[in-house]
Amino acid sequence: MNYKALILDLDGTVYVDGKPIKDIVSKLNKFKEEGNKLIYLSNNTTVSRSVYYDKLSKLGLNVSDGEVVTPITIAGAYLNKKYKKGYTVGTKSFIKELRESFKIEQDSEDPEFVLITFDNEVTYEKLKIACQLINNGVPYYITHIDLACPSEKGPIPDCGAIALLVESVTKKKPRTDFGKPSNEMVAHIASLISDIPKAKVLMVGDRLYTDIALGNKLGIQTLLVLTGESNFEDINDHKNHHFLVDHCSETLADFMEGNEFAL
Ligand SMILES: [Mg+2]
């Protein structure tokens, strides 16, 4: 494989429901041992980054500090420059990381912003407070636009779906998001690969409107894998999308062995 860096989506690309796809763990470890770069990039904000490091290590991946990027990396840095306290519709783990790593306090009384995340601990009370604050003029953000997250029993509501509920109630749109393929995320990833020629970097994912879109915005090659959301037929369905897929393979492990579909 003629690449020096891989930017990898996790869910539906490296694993499904936490189980690694084929022998991807040994292949990625070998790729890294050969002096190449790996960036694990998930839009999932149900857990803090430290949970991801633990999870990837437990799968057997040789993962180092700085290799995991989630929207909290981008959102935390962005919000920290403007605000000190906000109301986040998020898991305990997410809110803790926002406080400990980015010095942003949780406040439901007088917050400077509202942040909607992939909160799998969401309650009616949290949604009620968020909608009331937004209706009263507090600016709001969302961590990422994904509508659904894959699970063994089918798609489950993700941040984008929770945000749509809030938007339908408040009739207001979020200021921005921080996940794939937002401009904030593009700038962050571009800074991580600035030392590598673009032709040597590959974006890998299972979703067109986030993973492949991010690769297109970065101006790098893209690989769509068929272990998650997309089918082979989706690639050329240009009535419904305008994203450019350069490579397609059943799995990332297959691609690393040189197997891909002709496009
Ligand atoms: Mg995915």
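Mentor: Start with contacts: two residues are in contact if their C-beta atoms, placed from the backbone, lie within 7 Å. This is a predicted model: local features need pLDDT of at least 70, side-chain atom pairs count only at pLDDT 80 or more, and totals for chains, interfaces and linings use all residues. Residues are numbered from 1 along each chain as its sequence is written.

Among contacts in the chain between residues at least 6 apart in sequence, 68% join residues at least 24 apart. Buried residues make up 42% of the 263 residues. Buried means that 20 or more other C-beta atoms, placed from the backbone, lie within 10 Å of the residue's own.

The chain has 9 helices and 14 strands. Helices (H or I, at least four residues) and strands (E, at least two) are DSSP runs, numbered from the N terminus.

Now the sheet. 6 strands form an open sheet, in the order β5-β4-β1-β12-β13-β14. The pairing is parallel. Two strands pair if DSSP finds at least two bridges between them. The edge strands are β5 (68–69) and β14 (247–249), and each pairs on one side only.

Strand β4 (residues 37–41) pairs with β5 in the parallel sense over 2 bridges. Leu41 has Val69 in β5 as its bridge partner.

Next, a helix. Helix α8 (residues 208–218) lies across β12 (201–205) and β13 (221–225). Helix α8 runs at about 160° to β12. Axes are lines fitted to C-alpha atoms, for helices over the stretch in contact, and angles run from 0 to 180 degrees between N-to-C directions.

Technical notes: Buried ≥ 20, exposed ≤ 12 C-beta atoms within 10 Å, placed from the backbone.
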